[in-house]
Amino acid sequence: MLIMNDNANLIIKTKYAQEYKDGYPLLTRESILDLQSTPNEGTIVNLIDEKKQFIAKAYYGIQNRGYGWILTTKKSESIDLTFFTTKIKEALKYRENFFTNKETTAFRVFNGEGDGIGGLSIDYFDGYYMITWYSVGIYELKNYILEALKNSVEYKGIYQKKRFDAKGKYLDDEADFICGEEAPKPILVKENGVNFAIYLDDGAMVGVFLDQRCVRQTLRDKYSKDKTILNTFSYTGAFSVFASLGGAKKTTSVDLAKRSLPKTTEQFKINSINIDEQEIVVDDVFNYFKYAVRNKFLFDVVVLDPPSFARSKKITFSASKDYVKLLKEAIQITNENGVIVASTNSANFGMMTFRGFITQAFKELKFKFKIEERFSLPKDFRVNSNFEEANYLKVIFIRKLK
Ligand code: SAH
């Protein structure tokens, strides 16, 4: 039986108490009255107000966003194996339809505070589960969460990623494999009928970003037929694969990382796409833009999916500062009536600001545009209505007009 210390108190400044009572899930640094005597990572704490009245129960765990996450506002609710099992079962129920869909075998089954436990996510890859721990604190609760998961699902194997430090960087100090059988390298999963090669134990990333599922599907089904596609920041070429299967005339994938060449080739191959008709360029995107402008290249569709922050040898890119510049580069090499798929996962600005970047970029180059589609996170990336800032994904399909 797992035993848990459920006694520590943490005093919350009066002005923050009501927000927590109303369901705000993140334990913030500034709300804690006395930062000198904080508990150990992973401790379950009672948040109390300055008059010692109960507010909520949380776990203490420092990560980039704050100092822990609220687990319940009910004083009578114990934080024990039953608690974690209930949360995981609820999360599975919410995604019931995903499990029965044979065309898509990779999706998120637990999305942090959206499913009631911040700092934790669980992804599903055709029978294998990948747990990501976002703080030492949540990792201290590993035994409960693992037990709860094992009690709730049939699994082939369970893996983990640790992303503890302030920037969520991947920590490679122990094996990613936890239990069950080891996954093939790679596992082939499906997304809307398309194959993806997934490596569960090969560094920080597994080969696909699941949150873009609906965007890939839309690109394939509505924007690719007979088109030329430029996919920038292409990683394993997921957008190129979908575009190609949607009937694209040609795809060009550009990424700085050397691994993107073999990785993208592999994704094409497992989907029986003729590689000779695709171009894979290992280069800095900003170099490539210069080259494309010089050679008067024009594309029907340009996909922009940069990281929120990146430093290469020559340039530092920050989505909040440089997205307008990026858009202007793209506009210059997009055909009239062509489409730019502008995406960002930056949590530093919202949809309105992002739209503002688009308006500014087109205005500065004196082109008109029309917004065709907009996407935020898909259903399996469940968002807590009291924590909309976690809805980081913003994707806009923009048609370039005269
Ligand atoms: N669009 C991808 C995910 C992008 S991840 C997908 O849908 O799967 C971000 C990628 O940007 C990484 O592969 C990284 O190597 C690449 N990258 C970062 N800075 C870059 C730059 N200046 N030029 C080209 N690629 C860059």
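Begin by selecting Arg216 and Glu191 in this predicted model, where their side chains meet in a salt bridge with 2.8 Å from N to O. Arg216 belongs to helix H6 (residues 213–222) and Glu191 to strand E11 (residues 187–191), so this pair ties together parts that lie 25 residues apart in sequence. Colour both by accessibility and you will find that Arg216 is buried, with a relative accessible area of 2%, and that Glu191 is buried as well, at 0%.

Because Arg213 lies in helix H6 while Asp380 sits in the loop between strand E20 (369–375) and strand E21 (394–400), the pair ties together parts that are 167 residues apart in sequence. Both Arg213 and Asp380 are buried.

Next, select Asp176 and Lys161, another salt bridge, with the closest N and O atoms 2.6 Å apart. Asp176 is in the loop between strand E9 (157–162) and strand E10 (177–180), and Lys161 is in strand E9, 15 residues away.

Then show Arg95, Asp115 and Arg382, which are linked in a network of salt bridges; in the whole structure, a search finds 17 salt bridges.

Finally, turn to helix H2 (residues 81–94) and helix H5 (residues 142–152), whose axes come within 8 Å and cross at roughly 50°, which means that H2 is oblique to H5. The crossing is right-handed, and the residues of this contact divide into eight nonpolar, three polar and two charged. Among those to display are Phe84 and Ile88 in H2, and Ile145 and Leu149 in H5.

Conventions. Residues are numbered from 1 along each chain as its sequence is written. This is a predicted model: local features need pLDDT of at least 70, side-chain atom pairs count only at pLDDT 80 or more; totals for chains, interfaces and linings use all residues. Side-chain values use heavy atoms; hydrogens and water are left out. Axes are lines fitted to C-alpha atoms, for helices over the stretch in contact, and angles run from 0 to 180 degrees between N-to-C directions. Helices (H or I, at least four residues) and strands (E, at least two) are DSSP runs, numbered from the N terminus. Angles under 35 degrees count as roughly parallel, over 145 as roughly antiparallel, 65 to 115 as roughly perpendicular and the rest as oblique. A crossing is left-handed if the near helix is turned anticlockwise from the far one by less than a right angle, and right-handed if clockwise. Contact means heavy atoms within 4.5 Å. Ala, Val, Leu, Ile, Met, Phe, Trp, Tyr, Cys and Pro count as nonpolar, Asp, Glu, Lys and Arg as charged, and the others, Gly among them, as polar. A salt bridge is a side-chain nitrogen of Lys or Arg within 4 Å of a carboxyl oxygen of Asp or Glu. Buried means under 20% relative accessible area, exposed over 50%, partly exposed in between (1.4 Å probe, protein chains only).
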